[in-house]
Each structure stands twice: as C-alpha cells, then as structure tokens.
Amino acid sequence: MAMRPPVGIPKLSKRSRILLIIGAVLLAVVVAASRLLGTYVNWLWFGEVGFRTVFNTVLFTQIGLFVVMGLVVAGLLMLNLAIAYRARPVFVPVSGPDDPVSKYRSAIIQRLRLVAFAIPVVAFIAAGVAASSDWQIVQTYFNGESFGTTDPEFGLDIGFYAFGLPFYTWLISWGFVIIAASFVGALVTHYIFGGIRLAGRGGQLSAPARIQLAVLAGLFVLLYAASYFFDRYELMFSNRNSNFFGATYTDLHAVLPAKLILSIIAIFCAFAFFAAAFLRDLKIPAIATVLLVLSSLLVGAAWPALLEQFSVRPNAIQKESQSIERAIAATRDAYGLTPDKVTFTEYPGRSESTPQEIRTNANNQGTISNVRLLDPNVLARTFTQQQQRKNFYGFGDKLDVDRYKVNGQLRDYIVAAREIDPKNLAENQQNWINRHLVYTHGNGFVAAPANTVNSALQDTSGQGGYPVYTVSDTSGQGDIKVDQPRIYYGELATDYAIVGGQDNGKDREYDSDGVAYRYTGAGGVSLGNLFNRLVFSAAYGERNILFSGSIGNESKILYNRDPKTRVKMTAPWLTLDSDPYPAVIDGRVKWIVDGYTTLENYPYAHRTQLSQATQTSQGVRQPAQQFSYIRNSVKATVDAYDGSVSLFAIDEKDPVLKTWSKVFPGTVKPASEIPMSLRDHIRYPEDLFKVQRELLAKYHVNRPDVFYSQNEFWDVPDDPTDEQQPNVQQPQPQQPGAPTPQSTQGGKLPPYYVIAQAPGQAKPTFQITSALTGLRREFLSAWVSASSEFDGYGKMTVLQLPTTTQTMGPGQMQNQFFSASKVTEARTLFQNPNANAVNGNLLTLPVAGGLLYVEPIYIQRKDPNAFPQLARVLVGFGGRVGFSETLAGALEEVFGKGAGDGTTPPNTGGTTPPENPGGGGTPPPNPGGGQQITAEQAKAIQDIGAAISRLRTATQSGDFAAIGQAQKDLEDATKRFNQK
C-alpha cells in the first residue's frame, strides 16, 4: 500500500511575500498616521485653551506606561521563549511522516528570526496599549494625598484604599498576565521542540522543561498568595449584606482570617513547585495544589457560608451592629453628610398660625413672594417659539434657573443662551459654507423672571400666561447687561466652525439680517498656514478646508465647542454634572459646569450608581458610573465667545482634588480667585443633591437596629405631575381597566431651585430643595434644601417632620388638588378638545410651620407648532386649596384677602411676547362656559379621587380586600360620572 507523501506548510511566492509586507507596512502607516493626526489636533486644541501641560502629562504618562510595560511583558516573554528554545533536546523522535509537530517545528526553524521578532513585538504592542489606559492609577499612586482619616478595621489612612490599593492590585494583575503568557509560551515551545512529548505511557517531560515550568507555576501561585493578602483590604468594600456596604460580621470573622490562611498555604504551595524544579517527582506540587483548592473551598467558601447561615442571619441585628455603625459613619464622611454640613431640625409640618398671621409675617413672605411659576422643563418650547428669531437658532431642551439682582431686588430667572443649532438649518441652507463659515454663532442671552407672566390668561384672550422676557443681544440690552452677546460655544454647537475670514474684504459670518460679522476672539486654532489646513482637512475628511478660497491667513477653526467637552478634556479626572448653565459674569456669557471628584471604593461607604441615583421624571443624563465617594470640588467656566476654560477649587480640603492638583499643577485656581461676579451665580449642583437626598433617606438613621429594620427610612417620592405617572393629574374619570395609581412608570420627583426663606434663615436665599416621604408611603417625612450661596455653600437643612402626625406628601396633594370642587368644575380647562393641560413643577415650601404646595398648570394647543402658556395656579396649605389665574388669587383663596400682595403681579417689566407669535398660541379654555357638569357629576369626580387615593394606600400596604373594594368604588363613581 503506497504511503501518502507528507503535506508541508504551503509556501508563498516571493512576489506574494513582498505584497504582504507592503500591505502590512501601509496598514501600520495608516494607523500610525491616524493616531498622530488626532494627537496633533488635540495638541493644537490644548494649546489654544492654555492647558497643554495636561496634554503633555497624560501623553508622557501613557507613553511611559506603553514603553515600560511593553518592554517588561515582551522582554520576559522573549526570555522564557529563548530559555525553552535553547534547552530543547538535541534529538527529537518523529512519530511518522504526518507528525504535525514536526511540520510546525520545521516551519519555525526556517523562519526563526521572524518568529523570534514577531511574537515579542505583538506582545509589546498589546501590553503597551492596555497599560497606557491605566495612567490615572499610576499618577494618583505617586501623587496621592493623605485623607487624615483611617478605616475602622486596619487603621490605615483612606488614601491607601483610594490610591495605594488600586495600584498594588494593578501590579498583581499584570504579574498574572506576564507569568501566564510566559508559561504558555514556554509550554508551547517545549512541546514543539520535543521537551514535552505526549507519546507513550504518561508522556515525557525533559528536565529543563520541568524546571522552567515549575518555577513559573511557583511564581504564579506566589502571586496568588499576594493577591489573597490584599484581598483582605478589599473586604472593606464588601456587598455581602444587601442593607449596607462594607465588611460584615462574616467577612470579619470568617473571610478575613481565611484570606490570611490561604495566603500562607499559597506560599507553601509555591515552594512545593520550586522544589519540583529540582525533584523528578511531580506529586509534591500536585498535592500542594489539591491542598490549596480544598482549602479555598472549605476555609474560603464553606466556613463563611455556614457562619452566615447558622450564626449571623438568626442574630443579624446584634451581629451586624458594629458594621452598620461603621457604614453609617463612613457613608456620611464619603458623601459630605457629616453634622458640620447637615443640620437636622424638628419641624411640625402643620401650622398653628392663622391666615392673617401667615400673610403678615415677613419670614413667610420671604418665601411666598418668590414662588416660582415658570417651569424650565416645560417652557423650552415657549422660549423657542417666541425668542428663537431665526430657524438656525435654538435653545436647549431644558432651560435653567439662576438668580440676578435687578433694580436692587434678588429674583430667580429662567435663563437660556440663544445658540446656533446647525440641525435646524433648512434644506436649502445645508451646504458646507453655510454650516461652517456663515452660521457660526448664536446671538443673545434670554431670561425671564420665574415668578412673573405677561398677563393672566382670561376667558376671552389667548395671549396671557407667557414669560416676560429680558433679552440682551446685538440688537439691544435688557435688564441683564451683556457686553458680548455672541455665542460661539454652547451645548448645541456640536460641529466645527471656521471664523475670522473675509470674502473679498467683506465679513462673512451671519450676525443679523443685512449685517455680517468677523470673529475677533482669542479662541480657535489658526488655519493661516497650509500645513494646518491639510491637517484639519484630513482630520474631518473635508477637502473644502484645504481648497476653499474663503479661508485666509486670519481664519481660525473652532472645534470641541460643547462646554462639557471642553471641561472634560482639560480636567479628565472630573465627573461632570449633567446640566451646564449660562450666566452673565462681568458682562460676558459664560457656561458654568460643576465638576465632581469621585472614588470607586471608600471603606464601608455606600456604593452609588450615578445614572440610577440621578434618574427622575426628567430622564437619565448620566452614565452608569459607580462610586462610593463624591465631592463637588471644582467650578468650571467656559466663555461663550472665546471658549476659554477656567477651573476653580470650591472644596480645597478634598484630598482627591489635592492629589490631582499635584498631577496637574497650576490648572485649578484656588477658591480665593473666584470672582465675586461668579460667586453670585454658583449653584449647588443638581446631580450631587440627587445623590445626597437618596442617601439621607437612609443614613439619617443613627441606631443600627433601626437602620437594619428600615422602619424609619425615607423615600424620594414619584413625581405626581409626570405625564407617565398614572396618578390623578386631571379631573377626568379613570376608566375601568386603566393602570392603577400605584404604578411607578414615571420617574422620581426632581429637586427644584427656588428663592425661599427656610426656617432659621434671616433672609431669602437661592437654594435647591426636595420633599421626602416615608418609605413606600405617601405622607411627608422631611424637606431637604442645600444652599447655593457662596458663604455657607453646600450647607444642608433637613426639616424632619414628626412620625406621630401625618402631613400630606406631593402625591396626596396632587390628588387633593384635582379632587377640589373648584378644580373639577373647570372641566373645559382639562378636557378641552383643542388643547392639553400640562402640569408644571409641584413646589413644596415650608411656611409658618406647615408646607405650602404650588403647582402651575399650562395649556398647549393640539398642534405641532403650539407651545405652553400658564393658565392656572394651584396652591395648597393646611387642607385648603386655591385655584386661580394668578398666584395672588390662589393665595388669597387659601389665606384670605391680601395674601398675594407680596407677589409679583403679571406684566411687570421686561418685554411681552408679540400677538400670536408664530401662530403658536393656545386658544383659551372657558371655565365658565361651554358644557357644564352637574352636581352629581362633581360629586362623582370627588369620589373618583377618593377611591384612587384609597387604592394607592391599599396597594402599598398589601391589603387585597381593600384593593378590591377601592376598585369597585372607582368603577361605580366612573359610571355615575358618565351618566347624562
């Protein structure tokens, strides 16, 4: 029988090899050129903003890590490959003509230099790229600052956990990678070159192979010993118990000693492998390995599980008491909720004052006179329709709230910058010149007093209920003076702009009808030389940048124009707030961006997911980042005209900020350099407040037993005004089969910025506030506010209501609003076939020992071009409900005549919107006319609201009998309403 000739590895022709080499070189050149191009573009940008030291520090750190780690991994891998190759047997038997190992061996020997070069190079690149992304770990380790606070178990400074432990675990992980790669490389080399043979009984292992592999295995196990040792410290971040974070009783009394025992066993196991390098018997390391595995199962897993199951869980409150105390203290420290920053005050929640005392008390009027009627989350469309001016201008989806002192009076304003919005350009405007050379900037700062509208919306006029605008742009100045109203940098400026050039000696950038402008600011990178034009042409894939005659020697390119992007690039170590806002600082429009320093692991502190903690009815604007330490350490500003970035320290005691200030010296200015004009407009950031109120709901509890039982926990209530919430929002009957009011489809109640005079305050201040209810309850438990004033910035006040009384929360007040007879009688307002009613923000404000609720109601015509206008105001206090076209009218219905005298009447100052602007007005409702409802129907509406309230309470308590009865009552009331 003829034998088939051996099949060799196919060989490439000389021409094919040359083509492959050329292709590989070209690919490498393209990849390298792309990286170099992006690096050079960023280098130019950092030079423009004056933060090139940040670019250089990051770049050189990444290069250093790339080179060092690449050399270490590649060098050790190449060393082990060389040792394995040099220790190969002189004679290697071949099992037959089809022996696959011999074919690979022959191929490698023929290309030995290529293989010896290629493998380390690939390892060098892969390791270097992976290591370079960890530059922050390395920099914080070498520049880490002490916290001055120690963990309660080991007595180590928190800085060890923040900066040291991540670096040590990073080194250990790279040690595992290096040894594993070396072991695999040596194993394969020994196998291919005959040091390891699988033929015969049990196979054969040469002495050099045994020595090398045993030493590598011993080093690997020795690293495991080090890993077990450092695992003890990571128990401080344990999440074994679902009620709190940090080391539990089981962790401290079972897992912690187990880690130390396993570390010692791993050391003995490593020495067993080292001994096997010189002994022919491999049973010793095999036995040691089995011992390590069994110890891991018994000591590391079984014993903690048994202790947890039979000792801890039956006595959880007593066993976990110490850990809970530690978790409470650590969480308060990590999130800035310590007693020096949070003041708890007992608050009755029910007023004993008479209506006359309430309306005449100056402290009460400090809050009542500043009640905000305009909702920044509702009125973006109104701002756009009435103040957009041109189709290519726009405002953000969410307007902002800030305060200004005008004519000596401090008032909160709804503010926005009129930005350029390229996506709104008409189809015939969508060419490269228009997008990048003509429509380059926005124009104007638009503000409206938050407690004022142009006029009350009456029965016969559809032009009331609009904001009273004060606008400062190139055509004129409003109450808030702006020296440079052009907006080149903003949230909507997502594309690059080329500015500063001229066409035939004429300015080119659109400024207003018939007027062009030429940019004279310091921002932008010069396009005055051919090289830069070539670079940016390649970077954006746009040949017009290279060939356009409209780009001259004075032309500049503005890019990375979004304020958050600019701050994130200049301070890559910051986590940014989701809501930058414009403010007029010394006559210039500047974006203010809040920056947070965070740590993923803080011993015993609660671990928070940012996206979850900041999610409200307004949506999610943050990534799913986890942390257990946060500080609002930096206030950043971005000039809307020249794009200049300034970073100011607002919490100079923060050790994380101190660490990064050492990494990037001179980039963050001290708090003493914050201009007075900026101090007047800093806000306590919304995202941080959301995180802190979530934690206050749990960690205001002091006693471990109460914390474990959770019976005094609070909750952030759902937003009853959210359209996705099926709570009662409008006086229309709930149809059978509709979602029950207890569903939580919508989001949580967002916090609100207001000017108010809380109990204990000498005057009204700008603050951010939120109501908190009992855990899975509707009754109010606390009211929280944080100061935005520079003096006392971030000081939090918690008004804690007694548990012996029941004060209505936002959801219950919403039900009472729309169950009130005066509201149900206004049926045409809410059931207008031509318009929708839109609920505004439901404000909760402490007044005279009680809680004042205020909610604006807007109407919006059912038309794509329609926009909201204020129609009515709801006020609730002490069980009384006011419902009127004005805040003053609603207050007088609650407190009596004269209660609204301190409020700002409609049409005070500013500019009123034009008649029927853009056709977007909303036809008015006719509460007094049209279809009338009978007394029986009004009674049915009240019964509907009461049934829904009972249904919500019954669902929360799990009382199925009560649920069934409430559903029956709801169906009966609905039928009575629908009877003609």
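**View 1. Helices α2 and α4 pack against each other in this predicted model.** Helix α2 covers residues 52-86 and helix α4 residues 112-132; their axes sit 7 Å apart, at an angle of about 145 degrees. Helices here are DSSP runs of H or I with at least four residues, strands are runs of E with at least two, and both are numbered from the N terminus. The axes are lines fitted to C-alpha atoms, for helices over the stretch in contact, and angles run from 0 to 180 degrees between N-to-C directions. The α2/α4 crossing is right-handed; a crossing gets that label if the near helix is turned clockwise from the far one by less than a right angle, and is left-handed if anticlockwise. Sort the residues of the α2 contact with α4 by class and you get 21 nonpolar, four polar and no charged ones. Nonpolar takes in Ala, Val, Leu, Ile, Met, Phe, Trp, Tyr, Cys and Pro, charged is Asp, Glu, Lys and Arg, and the others, Gly among them, go down as polar.

A note on how to read these views: residues are numbered from 1 along each chain as its sequence is written, and side-chain values use heavy atoms, with hydrogens and water left out. Since this is a predicted model, local features need pLDDT of at least 70 and side-chain atom pairs count only at pLDDT 80 or more, while totals for chains, interfaces and linings use all residues.

**View 2. Four strands make an open sheet with antiparallel pairing.** Read across, the order is β5-β6-β9-β10. Two strands count as paired if DSSP finds at least two bridges between them. At the edges are β5 (400-406) and β10 (470-472), each pairing on one side only. From one strand to the next, the twist averages 35 degrees. Helix α14 (residues 380-387) packs on this sheet and touches β6 (409-417), β9 and β10, its direction making about 120 degrees with that of β9. Touching, or contact, means heavy atoms within 4.5 Å.

**View 3. Zooming in on the strand pairs, from β5 across to β10.** Seven bridges hold β5 and β6 in an antiparallel pair, and R403 faces D412 in β6. The hairpin of these two strands has two residues between them, and N407 there takes a positive phi near 55 degrees. On to β6 and β9: this antiparallel pair has five bridges. Strand β9 (residues 445-449) then runs antiparallel to β10, joined by three bridges, with V446 opposite V471 in β10.

**View 4. A416 sits in strand β6.** Is A416 buried or exposed? It counts as buried, because its relative accessibility is 5%; the cut-offs are under 20% relative accessible area for buried, over 50% for exposed and partly exposed in between (1.4 Å probe, protein chains only). The strand around it is mostly covered too, with seven of the nine β6 residues buried. Across the pairing, A416 stands opposite V446 in β9. Leaving out residues up to four places away in sequence, A416 touches F383, F395, L399, G444, F445, V446 and P582. F383 is 33 residues from A416 along the chain, with 8.6 Å between their C-alpha atoms.

**View 5. A three-strand open sheet runs in the order β12-β18-β17.** The pairing here is antiparallel. β12 (497-499) and β17 (525-526) each have a single partner strand, so one side of each has no neighbour in the sheet. Two bridges join β17 to β18 (residues 556-558), and V525 has I557 in β18 as its bridge partner.

**View 6. S821 belongs to helix α25 (residues 821-824).** S821 is partly exposed, at 35% relative accessible area. Its C-alpha atom is 9.6 Å from that of V881, 60 residues apart along the chain.

View 7. The chain has 29 helices and 36 strands, and 54% of its 980 residues are buried.
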